[in-house]
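Please look over the sequence and the structure shown here before reading the notes on selected parts of them.

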Amino acid sequence: MSKFEFPASIKSRPVYGTLEARPGKHHLMIADAEGAEAIMDIATPDLMAKTHIIFISRGTDYGDKLRALNPAIFYEGPSYAASVPRIQRVLQDAHMGLQVYLTGTEGLMGQAMREAVDAGIPHTAIQTEHRGSVARRMQCVHCKGITEDVETDPFVCAHCGLNLFVRDHYSRRLAAYQGVCIDAEDPGNVPEPKGIYE
Amino acid sequence: MTIQFNDETFRDDYSFHNSERAIKRFPFPFDKDSYMYAVNMEQHRGGPADSVYEKRFDVDEHYVSEMRDRAQVLADDPLRCQSLPHMTLAGWDVLELIMTCKAEDYPDLFELHRDGDRWRWINKPLGIDDTFTFLDETTLPYGPMEYITRQTQGDFAVLDQRDDNLWMDAGMVTTQADWSLDFDIGMNFFEWHAPVPLAHEKGIFVRALKFLLNIQQGAPARRLNWTMTVNPLLDTSPENYHKWGIQKTTLTPQNIGAKQHLRVELQTFFRLPRSNGLVFPIRCYLCAFQDLMTVPKWGRRLHRVIRDLPEELATYKGFIDNRPMMLDYLSQFDDGLPTSNGIWPDLETEPPLQK
Ligand code: HEM
């Protein structure tokens, strides 16, 4: 599958790279859905023997393919939220030199990045690669509720129901973009939703 | 000069008003007839008598009412004041800085009595007389930054300095020009400035950060920034934009002089001694167009600045739709005469309106 090229943007917006196998004794890979392909692209038997994979399938069938790579530890969780305690536990006794690989949707990478940074993993030891859906995790600036997997602009806040437009302003602390009321100055005038990059 | 504190509101019936004195000392932000972003910083070492530059933390006739408005904003939304766990010491630095400056600069309004780490703080306008132990949070009703900024006009960003950058790790933000502390807390200088147009490309933020990183204790700096606000609403927050945005559409040629306000921020920068952080007070001053027009120089100049402002800036500042109506109004006060350099009103030397 070809990778999506994000258009140039403002300085708070994260930039993702391409995973590469790094030297090291311990590797933690966290992925959702098509992120599995980025792992498969760099997997070697030697690397996999030192790797813990945490995978959220989101309805895809990559789980078996990842398992077939024979990682040292493989876990498939039903949702990102369900895997968080495990991620925190694994990061808690991360060894010096642990290499972290995050791949898949922006929502997954952003949230797992926050866990890794909070656990004290240096930025230089964390790699990211976007794969799959370009949906965004959005914070409603009005009610503070998070709406996951937003694919259109504008969209309806899942919490307060306001019609929000999708900004590029991004908070790493919240692992979310900002959504702002689109019809505040002209109530009811809400444009037809379009794909975020259309 | 003793200050008569106004009893006024910045919401609902908007009884906010500027006295003649407040108009004359309004920090008009344009030193020439055009405006573009620049690294417009200078030392904050006083200024003309009774100007907003004179004291380190200016206290004016709006003080008591502004603090009442802040308390209301915080009751409605406590997330407007936040401090990340490592910022408590910087909060004490802020408290000490403000208390010592205010007690020195306004001895008739504020008193600070220090006996070792037992401090007694008297704030006469707000009727506060508290004794607490410096650096012991349990002896104050709020965290130190929140305690003192509930008693000080202006928003406050408290910055941690590390990795050659500044990190907005604490703040009290209730009078902001449409940005969210809750969203921006934890960001660095380039990240929280990300939405600003044109300035990144001009290298302004790289140079500005360099300047800020080198600010020394006892040598604060300042700059002015500005935007436009319909009605004297202090809390133009993104949080409440779905409620106040509609007010922008209520301007008419008849009410624009009273309703449209120039909103100016006096931004200052102080190095903090214990934490080595920086505190960035953002003091908001509002003035109705019709009050500004009583100063002939400002009338001429405001028309020219708004007329020639790049579209990107008028859009970012949120008044692109109202600009034509503003220009219709402002053009009545521009007779084409030249204007003197600098921001001051120059009432004695500038000619009255010639039309
Ligand atoms: C460390 C202290 C500073 C803080 C906390 C701060 C914070 C901010 C914030 C939160 C915004 C709003 C951005 C948005 O749209 O979301 C802003 C805008 C801006 N800042 Fe700063 N800033 C600081 C220092 C400076 C300095 C030193 C400059 C010097 C050039 C500067 C120039 C600007 C400009 C030009 C804008 C756009 C304002 C407008 O057009 O209304 N800032 N700042």
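The model is predicted, and the description begins with helix α4 of chain A, which covers residues 80-92 and so has 13 residues by the DSSP assignment. From its first C-alpha to its last, α4(A) reaches 18 Å, close to the 18 Å expected at 1.5 Å a residue, although there is a kink of about 25 degrees in the helix, centred on Arg86(A).

The buried residues of α4(A) are Tyr80(A), Ser83(A), Val84(A), Ile87(A), Val90(A) and Leu91(A). An α-helix has 3.6 residues a turn, so residues three or four places apart point the same way. Among the elements that cover the buried residues of α4(A) are the strands β1 (27-32), β2 (51-56) and β3 (73-77), together with helix α5 (106-118), of chain A.

Strand β2(A), which is one of the elements covering the buried residues of α4(A), is itself mostly covered, with 6 of its 6 residues buried. In a regular strand the side chains alternate between the two faces of the sheet. In β2(A), Thr51(A), Ile53(A) and Phe55(A) point one way, while His52(A), Ile54(A) and Ile56(A) point the other way, and all are buried.

Strand β2(A) is joined to β1(A) by 6 bridges, and the two strands run parallel; within this pairing, Ile54(A) in β2(A) is the bridge partner of Ile30(A). Strand β2(A) is also joined to β3(A), by 5 bridges and again in a parallel arrangement, and here the bridge partner of His52(A) is Ile73(A) in β3(A).

## A five-stranded open sheet in chain A

In chain A, 5 strands form an open sheet of mixed pairing, in the order β7-β6-β11-β10-β9. The edge strands of this sheet are β7 (146-150) and β9 (155-156) of chain A, each of which pairs on one side only.

Strand β6 (residues 136-140) of chain A runs parallel to strand β11 (residues 176-181) of chain A, and 3 bridges join them. Within β11(A), Tyr177(A) is the residue that stands opposite Met138(A).

A polar atom of the Thr152(B) side chain lies 2.8 Å from the backbone oxygen of Ile148(B). Leaving aside neighbours within four places in sequence, Thr152(B) is in contact with Phe57(B), Tyr63(B), Met67(B), Arg70(B), Ile98(B) and Lys102(B).

## Around the ligand

There are 23 residues around the ligand, of which Tyr37(B), Trp192(B), His193(B), Tyr316(B) and Lys317(B) come nearest. An N or O atom in the side chain of Tyr37(B) is 2.4 Å from an oxygen atom of the ligand, and a polar side-chain atom of Tyr316(B) likewise lies 2.4 Å from a ligand oxygen atom. In the case of His193(B), an N or O atom of the side chain is 2.8 Å from a nitrogen atom of the ligand.

At least two residues of the shell around the ligand are supplied by each of β6, α6 (189-192), α7 (204-213) and β8 (221-230) of chain B. The largest share, 4 residues, comes from α7(B).

Key:
Residues are numbered from 1 along each chain as its sequence is written. Chains are lettered from A and ligands numbered from 1 in the order in which they are written. This is a predicted model: local features need pLDDT of at least 70, side-chain atom pairs count only at pLDDT 80 or more; totals for chains, interfaces and linings use all residues. Side-chain values use heavy atoms; hydrogens and water are left out. The expected span of a helix is 1.5 Å times one less than its number of residues. The bend at a residue is the angle between axes fitted to the seven residues ending there and the seven starting there. Buried means under 20% relative accessible area, exposed over 50%, partly exposed in between (1.4 Å probe, protein chains only). Contact means heavy atoms within 4.5 Å. A polar contact is a pair of N or O atoms within 3.5 Å; within protein, one must be able to donate a hydrogen and the other to accept it, and residues adjacent in sequence count only if both atoms are side-chain atoms. Two strands pair if DSSP finds at least two bridges between them. A residue is near a molecule or strand if one of its heavy atoms lies within 4 Å of it.
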